[in-house]
Amino acid sequence: TSLPEIANALERYHHTGLDVRELSPAMHLGLKVSLIRRLLTDNLEFINTCRPWVEIDDFVDLVSHTILLPKSHGRVGGKGSGLLLARHVLRRSPEHRELLDGVKVPKTWYVPSDGLLQFLAYNNLDDVYNWKYRDLDEIRQEYPHMLQVFKSSRFPAEFVQGLSTALDDLGDQPLIVRSSSLL
């Protein structure tokens, strides 16, 4: 299932007004695990760590802050998944509530893990993906040319629209983190 299809299904779920408590415990847990596996990772240890801290509605928020590309089947990836988990642990941890209340998690937008591959395909640069297997001297020699190729490449319209939405949401101010707000 593509990311836009999952996003549409989650949006429909969100607008039904269905309370998660109306689901059977097995259905609730099954949906959470399926969403974690599909959108974050299939690493069993991470899934088991994530289960108590994330809810189905968290995935509605996740996909609304993801740059959705039409044929994307990617995931959020390791760093994004870790940041998402950290946000929900901080928000829902009953222990040390006073200590954790001052910790800030930056507003985050996600690019699916296959976003780079779609960019390369859109610009007919599929062969670049295999450059990692080339001889280092050959890479150094071709680097200036590839730099120009990438600078003149374009993003698909959906990517540009998603980045524009993300930048509008993030605003023109950089994130300011004061040391007193960190652990």
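Where is Thr66 found? Thr66 sits in the loop between helix 4 (56-64) and helix 5 (78-92). The model is predicted: local features need pLDDT of at least 70, side-chain atom pairs count only at pLDDT 80 or more, and totals for chains, interfaces and linings use all residues. Residues are numbered from 1 along each chain as its sequence is written, and side-chain values use heavy atoms, with hydrogens and water left out.

**View 1. Thr66 and its contacts.** Thr66 counts as buried because its relative accessibility is 11% (buried means under 20% relative accessible area, exposed over 50%, partly exposed in between; 1.4 Å probe, protein chains only). Thr66 touches Trp109, Tyr110 and Pro112, not counting residues up to four places away in sequence. Contact means heavy atoms within 4.5 Å. Helices (H or I, at least four residues) are DSSP runs, numbered from the N terminus.

**View 2. Leu170 in helix 9.** Helix 9 covers residues 157-170 and includes Leu170. Leu170 counts as partly exposed because its relative accessibility is 39%. Leaving aside neighbours within four places in sequence, Leu170 is in contact with Lys107 and Trp109. Asp101 is 69 residues from Leu170 along the chain. Their C-alpha atoms are separated by 22 Å.

**View 3. Helix 1 packs with helix 2.** The angle is about 145°, and the axes are 12 Å apart. Axes are lines fitted to C-alpha atoms, for helices over the stretch in contact, and angles run from 0 to 180 degrees between N-to-C directions. Helix 1 passes helix 2 in a left-handed crossing (the near helix is turned anticlockwise from the far one by less than a right angle). Helix 1 makes the contact through Leu3, Ile6 and Leu10, and helix 2 through Leu35, Arg38 and Leu39. Five of these residues are nonpolar, none is polar and one is charged. Ala, Val, Leu, Ile, Met, Phe, Trp, Tyr, Cys and Pro count as nonpolar, Asp, Glu, Lys and Arg as charged, and the others, Gly among them, as polar.

**View 4. The largest pocket.** About 170 Å³ of space lies here. On a 1 Å grid over the protein atoms alone, a pocket is an open set of points where a 1.4 Å probe fits, with protein on both sides within 12 Å along at least five of seven lines. Lining residues have an atom within 4 Å of a point. Grid points are joined across faces, edges and corners, and a volume is the space filled by probe spheres set on the points. The lining is Ile6, Ala9, Leu10, Tyr13, Leu18, Leu23, Leu31, Ser34, Leu35 and Ile56. Helix 1 (3-16) and helix 2 (25-40) each supply at least two of the lining residues. Helix 1 gives the most, with four residues. Nine lining residues are nonpolar, one is polar and none is charged.
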